[in-house]
Amino acid sequence: QVQLVESGGGLVQPGGSLRLSCVASGSIFSISAMGWYRQAPGKQRELVAHITSGGSMNYADSVKGRSTISRDNAKNTLYLQMNSLKPEDTAVYYCNCNAKTPYSTRSRDYWGQGTQVTVSS
(Lines give C-alpha, C1' and ligand atoms only; values in the text may rest on other atoms or scores of the structure.)
Protein backbone atom coordinates (compact mmCIF):
# COMPACT_ATOMS: atom_id res chain seq x y z
CA GLN A 1 0.00 0.00 0.00
CA VAL A 2 0.93 3.63 -0.53
CA GLN A 3 0.17 6.31 2.03
CA LEU A 4 -0.09 10.01 1.21
CA VAL A 5 0.17 12.64 3.93
CA GLU A 6 -0.56 16.28 3.19
CA SER A 7 0.59 19.26 5.21
CA GLY A 8 0.78 23.02 4.91
CA GLY A 9 -2.86 23.97 5.01
CA GLY A 10 -4.25 26.62 7.32
CA LEU A 11 -5.94 29.98 7.60
CA VAL A 12 -4.60 32.73 5.38
CA GLN A 13 -5.82 36.20 4.47
CA PRO A 14 -6.88 37.03 0.92
CA GLY A 15 -3.82 37.78 -1.16
CA GLY A 16 -1.65 35.54 0.96
CA SER A 17 0.33 32.44 0.08
CA LEU A 18 0.55 28.84 1.18
CA ARG A 19 2.73 25.93 0.24
CA LEU A 20 1.17 22.50 0.46
CA SER A 21 3.29 19.37 0.69
CA CYS A 22 2.42 15.72 0.21
CA VAL A 23 4.73 12.86 1.10
CA ALA A 24 4.18 9.41 -0.34
CA SER A 25 5.41 6.44 1.65
CA GLY A 26 4.91 2.70 1.92
CA SER A 27 5.53 -0.06 -0.57
CA ILE A 28 6.28 2.11 -3.56
CA PHE A 29 7.68 0.61 -6.73
CA SER A 30 6.98 3.59 -8.94
CA ILE A 31 4.88 6.75 -9.04
CA SER A 32 3.68 8.16 -12.31
CA ALA A 33 1.31 11.12 -12.23
CA MET A 34 0.63 13.14 -9.11
CA GLY A 35 -1.91 15.85 -8.51
CA TRP A 36 -3.74 18.16 -6.19
CA TYR A 37 -7.51 18.20 -5.98
CA ARG A 38 -9.83 20.25 -3.81
CA GLN A 39 -13.36 20.02 -2.53
CA ALA A 40 -15.29 22.96 -1.19
CA PRO A 41 -18.42 22.49 0.95
CA GLY A 42 -21.35 21.45 -1.19
CA LYS A 43 -19.23 21.06 -4.30
CA GLN A 44 -17.65 18.19 -6.17
CA ARG A 45 -13.98 17.42 -5.91
CA GLU A 46 -12.07 19.17 -8.68
CA LEU A 47 -8.60 19.04 -10.14
CA VAL A 48 -6.32 21.89 -9.11
CA ALA A 49 -3.05 20.87 -10.72
CA HIS A 50 -1.44 17.77 -12.15
CA ILE A 51 2.15 16.75 -12.92
CA THR A 52 3.45 13.72 -14.76
CA SER A 53 6.57 11.77 -13.89
CA GLY A 54 8.29 13.63 -16.70
CA GLY A 55 7.36 17.00 -15.30
CA SER A 56 4.53 18.02 -17.61
CA MET A 57 2.06 20.17 -15.72
CA ASN A 58 -1.47 21.35 -16.15
CA TYR A 59 -3.63 23.60 -14.03
CA ALA A 60 -7.27 24.41 -13.51
CA ASP A 61 -8.14 27.74 -15.08
CA SER A 62 -9.16 29.03 -11.66
CA VAL A 63 -5.60 28.74 -10.28
CA LYS A 64 -3.54 29.20 -13.43
CA GLY A 65 -0.95 31.94 -12.96
CA ARG A 66 -1.33 31.85 -9.18
CA SER A 67 -0.19 28.33 -8.39
CA THR A 68 2.83 26.16 -9.13
CA ILE A 69 2.94 22.40 -8.81
CA SER A 70 6.25 20.61 -8.41
CA ARG A 71 7.60 17.28 -7.27
CA ASP A 72 10.77 15.84 -5.83
CA ASN A 73 10.93 12.31 -7.15
CA ALA A 74 13.85 11.38 -4.91
CA LYS A 75 11.74 12.24 -1.88
CA ASN A 76 8.40 11.06 -3.28
CA THR A 77 7.07 14.49 -2.40
CA LEU A 78 4.59 16.71 -4.16
CA TYR A 79 4.22 20.44 -3.62
CA LEU A 80 1.70 23.12 -4.45
CA GLN A 81 2.71 26.75 -4.07
CA MET A 82 -0.39 28.93 -4.03
CA ASN A 83 -0.17 32.72 -4.25
CA SER A 84 -2.70 35.55 -4.37
CA LEU A 85 -5.18 33.36 -2.56
CA LYS A 86 -8.86 34.18 -2.80
CA PRO A 87 -11.79 33.24 -0.56
CA GLU A 88 -13.02 30.93 -3.32
CA ASP A 89 -9.84 28.88 -2.89
CA THR A 90 -11.20 27.74 0.47
CA ALA A 91 -11.49 23.97 0.38
CA VAL A 92 -10.01 20.71 1.56
CA TYR A 93 -7.02 19.97 -0.64
CA TYR A 94 -6.25 16.36 -1.45
CA CYS A 95 -3.09 14.82 -2.80
CA ASN A 96 -3.38 12.07 -5.39
CA CYS A 97 -0.89 9.81 -7.06
CA ASN A 98 -0.96 6.93 -9.48
CA ALA A 99 1.48 4.37 -8.14
CA LYS A 100 2.57 0.80 -8.42
CA THR A 101 3.69 -1.39 -5.54
CA PRO A 102 6.17 -4.26 -5.84
CA TYR A 103 3.24 -6.65 -5.33
CA SER A 104 0.92 -5.41 -8.02
CA THR A 105 0.90 -5.78 -11.76
CA ARG A 106 -1.15 -2.64 -12.22
CA SER A 107 -0.88 0.87 -10.93
CA ARG A 108 -3.76 2.49 -9.09
CA ASP A 109 -4.77 5.80 -7.62
CA TYR A 110 -4.11 6.67 -4.01
CA TRP A 111 -5.47 9.59 -1.99
CA GLY A 112 -4.40 11.49 1.06
CA GLN A 113 -6.70 12.49 3.90
CA GLY A 114 -6.72 16.13 2.88
CA THR A 115 -5.61 19.41 4.39
CA GLN A 116 -7.92 22.35 5.01
CA VAL A 117 -7.17 25.67 3.35
CA THR A 118 -9.25 28.61 4.51
CA VAL A 119 -8.88 32.02 2.90
CA SER A 120 -10.57 34.66 5.00
CA SER A 121 -9.97 38.05 6.53
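Okay, some ground rules. Residues are numbered from 1 along each chain as its sequence is written, and side-chain values use heavy atoms, with hydrogens and water left out. Since we're looking at a prediction, local features need pLDDT of at least 70 and side-chain atom pairs count only at pLDDT 80 or more, while totals for chains, interfaces and linings use all residues.

Let's start with N76. You'll find N76 in the loop between strand 7 (67–72) and strand 8 (77–82); strands here are DSSP runs of E, at least two residues, numbered from the N terminus. Its phi is positive, near 50°, and N76 isn't a glycine. N76 is partly exposed, at 24% relative accessible area. That label covers what falls between buried, under 20%, and exposed, over 50% (1.4 Å probe, protein chains only).

Next, S84. This one sits in the loop between strand 8 and strand 9 (91–100). S84 has a positive phi too, about 50°, again without being a glycine. With a relative accessible area of 41%, S84 is partly exposed.

So what does the backbone oxygen of S84 lie 3.0 Å from? A polar atom of the R66 side chain.

R66 belongs to the loop between strand 6 (57–59) and strand 7, and R66 is buried, at 12%. Its side chain also makes a polar contact with the side chain of D89, at 2.8 Å. A polar contact is a pair of N or O atoms within 3.5 Å; within protein, one must be able to donate a hydrogen and the other to accept it, and residues adjacent in sequence count only if both atoms are side-chain atoms.

How values were computed
Helices (H or I, at least four residues) and strands (E, at least two) are DSSP runs, numbered from the N terminus.
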